[in-house]
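Hi,

Here is the structure I promised to send over. Have a look, and then read on for my notes on helix packing and charged pairs.

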Amino acid sequence: MTNLVGGEIFIEVLYIIAVGLFILSLKWLSSPATSRRGVFAGEIGMLLAVVGTLFYKGIVDYKWIAIALVLGRVAMTAVPQRTALSHAFGALCVTLVGTAEFYLRTPTVPKFTMSVLSLEVILGGLTFTGSLMAAGKLQEILPQRPITYKGQNIVNLGMLLVAIVIAVMLVLDPSRTGLYPPMLLIALIFGVMLIIPIGGADMPTVISLLNSYAGLSAAAMGFVLDSKLLIVAGALDGASGFILSVNMSKAMNRSFTNVLFGAFGQVQAPAAAAHETRPVRSATAEEAAAILAAANKVVVVPGYGMAVAQAQHKVRELYDALTKRGVDVTFGIHPVAGRMPGHMNVLLAEADIPYDKLLDMDQVNGDMPQTDVALVIGANDVTNPAARNDQSSPIYGMPIIDVDKAHTSMVIKRSMAPGFAGIDNPLYYLDNNLMLFGDAKAFVGNIVKELSGNSGGH
Ligand code: NAP
């Protein structure tokens, strides 16, 4: 008995330290200067929480846990879909635990417990199927385009309402076990219905929202299981996921309701096709190197393509080569460049590019008319001037980096293919724009070679 109490105290202490580290982690993650410490604190916190849980006597089989650890490793660019899968399995776990607790405790479930249990199962169920759908869309196993039909929102809200009514009936009389399976089933179907009208470009925002739901369902499970760790960690997860979704929506100039009900990214293909025959000017690495070397001020605008090509280290070499020649090089970071918030910051930090050279959109846009060259590396949507001046564009209103206002813009990408929003970019046809066709890593590498071949400043 003494041992058991000692063991329990040990686990509780681990949990308290873990919770403290989670809170510090979120605080530190809010600035690039302390973000590494934030990631480390979060990792240690999670390790302590997992170790504490592994000490619980209820765990009988460690084999699956070991397999899951190995399976969890993926490439950086696949992190959004992997995150979606984590939410899906976390939410499935929450739903299964909630279901087991219901059948173990019925018919005498106190009203408060039944309320949080219903919340847990509804949120868990819809997050499970919703996250699977989101992961499928991001991995391109499922169609990215939104699937819509008339009265969709009414059908969806109606389903949710029915699930809530059933939950209320269960709270009033938990012995009506027959009501439980339909409530769960509706939650599962609702998750699918919630995601099908949302286009691929909005998926990262939706994943962040699903993250929030998964956190809230885990917090609800914490009340059912009387686990303080789950309550605190779930609430932190729920709140931070929600704040992140709101920030991402703001960065795309979209309201939350617009992301959830707007069916963004529907049929833009004909517009894109109409532009395909227009001429563009392209240049070689040698020409690009000469233009860059002659510049006083260069702004590099990275995007998803830099991440795919893993070009960040070559970009660092380019930064070094140009600064050595006295060129002022800064980086313009769009809040939704790439496929997750902070994607570019993480990659550029990995290549040791100084933080103070990473400027946010507003800072860099103010300087754009005085910028000699805006070098776009694998970015597309976040530089699309249609967002500023074409009311019919699906991204109209999204703030962009105004590379078209620089004296010259140069765009490294492999082809004229559109970016994530699936739309053409009028920037490419402007007189002061040059297309640098090629893989980002290879092309930047070639520019660096040219620059180091011709030494000297200007
Ligand atoms: P983007 O619009 O998706 O464009 C990326 C471009 O990179 C593509 O046009 C592609 O053109 C090019 N590319 C791909 N592989 C390449 C390679 N190996 N080398 C060179 N270029 C390559 O990316 P973005 O400008 O970063 O914009 C992000 C998009 O994601 C926005 O629509 C944003 O709203 C959305 N989004 C992001 C977040 C977030 O959290 N970051 C959240 C929600 C939505 P080629 O195929 O011709 O090479």
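Let's start with helices H5 and H6. This is a predicted model, and in it H5 covers residues 111–138 while H6 covers residues 152–172. Their axes come within 9 Å and cross at roughly 155 degrees. Angles over 145 degrees count as roughly antiparallel, so that is how H5 runs relative to H6. The crossing of H5 past H6 is right-handed.

If you want to click through the contact, on the H5 side pick Lys111, Met114, Ser115, Ser118 and Ile122. On the H6 side, go for Leu160, Ala163, Ile164, Ala167, Leu170, Val171 and Leu172. Sorted by class, the residues of this H5 contact with H6 come out as nine nonpolar, two polar and one charged.

H5 also packs with H4, the helix made of residues 79–105. Here the angle is about 150 degrees, and the axes are 7 Å apart. H4 and H5 are therefore roughly antiparallel to each other as well. This time the handedness is left: H4 passes H5 in a left-handed crossing. The contact of H4 with H5 has 17 nonpolar, 10 polar and three charged residues.

Now for the charges. How many salt bridges does a search of the whole structure find? The search turns up eight. Side chains of opposite charge can pair when their charged atoms come close. I picked out a few to show you.

One of them joins aspartate 367 to lysine 297, with the closest N and O atoms 3.9 Å apart. This pair ties together distant parts of the chain, 70 residues apart: aspartate 367 sits in helix H16 (residues 361–367), and lysine 297 in strand E1 (residues 297–302). Are the two partners buried or exposed? Aspartate 367 has a relative accessible area of 30%, so it is partly exposed. Lysine 297 has a relative accessibility of 14%, and therefore counts as buried.

Another bridge pairs aspartate 402 with arginine 388, and here the closest N and O atoms are 2.6 Å apart. The partners are 14 residues apart, with arginine 388 in helix H17 (386–389) and aspartate 402 in the loop between H17 and strand E5 (408–413). Aspartate 402 counts as buried because its relative accessibility is 10%. Arginine 388, at a relative accessible area of 32%, is partly exposed.

Aspartate 402 has a further partner to look at: its side chain meets that of lysine 405 in a salt bridge, at 3.7 Å from N to O. Lysine 405 counts as partly exposed, with 40% relative accessibility. Which residues are linked in a network of salt bridges? They are Arg388, Asp402, Asp404 and Lys405.

One last stop is aspartate 356, in the loop between helix H15 (343–350) and strand E3 (358–360). The relative accessible area of aspartate 356 is 59%, so this residue is exposed.

Cheers

Technical notes:
Residues are numbered from 1 along each chain as its sequence is written. This is a predicted model: local features need pLDDT of at least 70, side-chain atom pairs count only at pLDDT 80 or more; totals for chains, interfaces and linings use all residues. Side-chain values use heavy atoms; hydrogens and water are left out. Axes are lines fitted to C-alpha atoms, for helices over the stretch in contact, and angles run from 0 to 180 degrees between N-to-C directions. Helices (H or I, at least four residues) and strands (E, at least two) are DSSP runs, numbered from the N terminus. Angles under 35 degrees count as roughly parallel, over 145 as roughly antiparallel, 65 to 115 as roughly perpendicular and the rest as oblique. A crossing is left-handed if the near helix is turned anticlockwise from the far one by less than a right angle, and right-handed if clockwise. Contact means heavy atoms within 4.5 Å. Ala, Val, Leu, Ile, Met, Phe, Trp, Tyr, Cys and Pro count as nonpolar, Asp, Glu, Lys and Arg as charged, and the others, Gly among them, as polar. Buried means under 20% relative accessible area, exposed over 50%, partly exposed in between (1.4 Å probe, protein chains only). A salt bridge is a side-chain nitrogen of Lys or Arg within 4 Å of a carboxyl oxygen of Asp or Glu.
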